Amino acid sequence: MSNPSLLILAGDGIGPEVMSQVRRIIDWYGENRSLAFDVSEDLVGGAAYDVHGVPLTDETMEKAQSVDAVLLGAVGGPKYDDLDFSVKPERGLLRLRKEMDLFSNLRPAQCFDALADFSSLKRDVVAGLDIVIVRELTSGIYFGEPRGIIQEGNERVGINTQRYTESEIERVARSAFELARRRGNKVCSMEKANVMESGILWREVVQKVHDEDYADVELSHMYADAGAMQLCRWPKQFDVIVTDNLFGDLLSDAAAMLTGSLGMLPSASLGAPMANGRPKALYEPVHGSAPDIAGQGKANPIACILSFAMALRYSFDQGDEASRLENAVEAVLADGARTADLLGEEGVTPVTTAEMGDRILAA
Ligand code: ATP
Ligand code: MG
């Protein structure tokens, strides 16, 4: 059997810095756990524009379609601010998401005990928190037609349309139920069925998918506004939350801040199953290219490292190895290692990006 394949697109800014620590961890797995990957690296974003004049070449796009998983760093930076919209670095990432049809965006909110005091909430509300928000990513109000700013009489009207087909709801619901089965076996679906037709259909389809194929998973429904309140009040009541594009955008950003720094947050974007039964997948840290700290060895590599842990779990069926990596992160944090973004207490000297990588490898 051939090794599982991984395409690394490190991108711009701190992307290559955090990715080089992930590279060391990937190599470690090959050397120590007989878990070797066929790794190829390529350019995306500004880095691709500098060489090819486009933020993603057709060749790179083809490669992304053919591998088991794509691991992306970050794209963009001030150097590219004045570029034409069509070749902006972000367009490279958007093309990947669109052509791979990554409709299910997984955003974990996980609070490592050592960082619980970092949250704006009380320690007992967040310590040990481990939930995932599944956001529908390719449809809904950000894409629905008609849209635009039109003239109506003597004033202008801004229009967007919330639109979901049954099959769009069904596929993201399936992805949430599948995820729940590998975790706490509990899904909470959020919409506003009280005031939106798309919400009524959402609730109906999620319930139907559940009753037909996932009756073993505990399912509840909540209005998204109430969900936002519950997320801040007692987030540990949830395991997997599934919701649409707009609500997911808001709820996942809110949930992210329960746990502290942007430098800690991984994500996965999943599509339809491939021939091997696993979904098409792109893993990336939630943070951007952080031009303000790029090139200074200050970046926290943990978000990118945890994104690779998600790849181990969801693309390569290596849940135990994913836990091994997460436990190593937990251990170095418990041991007091902090990159600059995680500094709260006075008198702690921050570790560099590479030192954090050293510590995690050692653990
Ligand atoms: P984008 O538009 O690409 O999302 P952004 O401007 O929204 O980028 P980031 O690039 O993510 O945001 O950076 C926001 C802030 O968080 C910056 O001050 C940056 O230094 C900090 N930051 C982001 N990622 C990290 C990280 N991995 N380690 C340390 N600090 C980080
Ligand atoms: Mg941003």
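Asp253 counts as partly exposed in this predicted model, because 13 C-beta neighbours lie inside 10 Å, and a residue is called buried only at 20 or more and exposed at 12 or fewer. Asp253 lies in helix α9. Asp249 is found in that helix too, which covers residues 245–256. Asp249 is also partly exposed, with 19 other C-beta atoms within 10 Å.

The UniProt annotation "binding site", from an unreviewed entry, covers Asp225, Asp249 and Asp253. These residues are spread over 29 residues of sequence, yet they cluster in space, with a largest C-alpha distance of 14.4 Å.

The model also holds a ligand. Around ligand 1 there are 15 residues, of which Gly263, His287, Gly288, Ala290 and Asn300 come nearest. The shell around ligand 1 is made up of seven nonpolar, six polar and two charged residues.

Ala290 has a backbone feature of its own. Most residues other than glycine have a negative phi. Ala290 is not a glycine, but its phi is positive, at about 45 degrees. Ala290 lies in the loop between β12 (279–285) and α10 (302–314). Asp101 also has a positive phi, of about 55 degrees, and is not a glycine. Asp101 is found in the loop between α4 (89–99) and β4 (104–110).

| Residue | C-beta neighbours within 10 Å | Class |
|---|---|---|
| Asp253 | 13 neighbours | partly exposed |
| Asp101 | 15 neighbours | partly exposed |
| Ala290 | 24 neighbours | buried |

Ala290 counts as buried because its 24 neighbours meet the limit of 20 or more.

Another backbone feature concerns a peptide bond. Most peptide bonds are trans. The bond from Glu145 to Pro146 is cis, with omega near 0 degrees. Pro146 is found in strand β6, which covers residues 144–152.

The rest concerns the chain as a whole. The protein chain has twelve helices and twelve strands. Of its 363 residues, buried ones make up 46%. Among contacts with a separation of 6 or more, 73% join residues 24 or more positions apart. The C-alpha trace spans about 60 × 50 × 50 Å along its principal axes. What radius of gyration would a compact globule with 363 residues have? The value would be near 21 Å, and the protein chain has 21 Å, so the two agree.

Conventions
Residues numbered from 1 in each chain as written. Chains lettered and ligands numbered in written order. Predicted model: local features only at pLDDT ≥ 70, side-chain atom pairs only at ≥ 80, totals over all residues. Near = placed C-beta within 6 Å. Nonpolar A, V, L, I, M, F, W, Y, C, P; charged D, E, K, R; others polar. UniProt positions renumbered as here; feature names shortened; annotations may be inferred. Helix = DSSP H or I, 4+ residues; strand = E, 2+ residues; numbered from the N terminus. Rg over C-alpha atoms; globule rule 2.2 N^0.38 Å. Contact = placed C-beta atoms within 7 Å.
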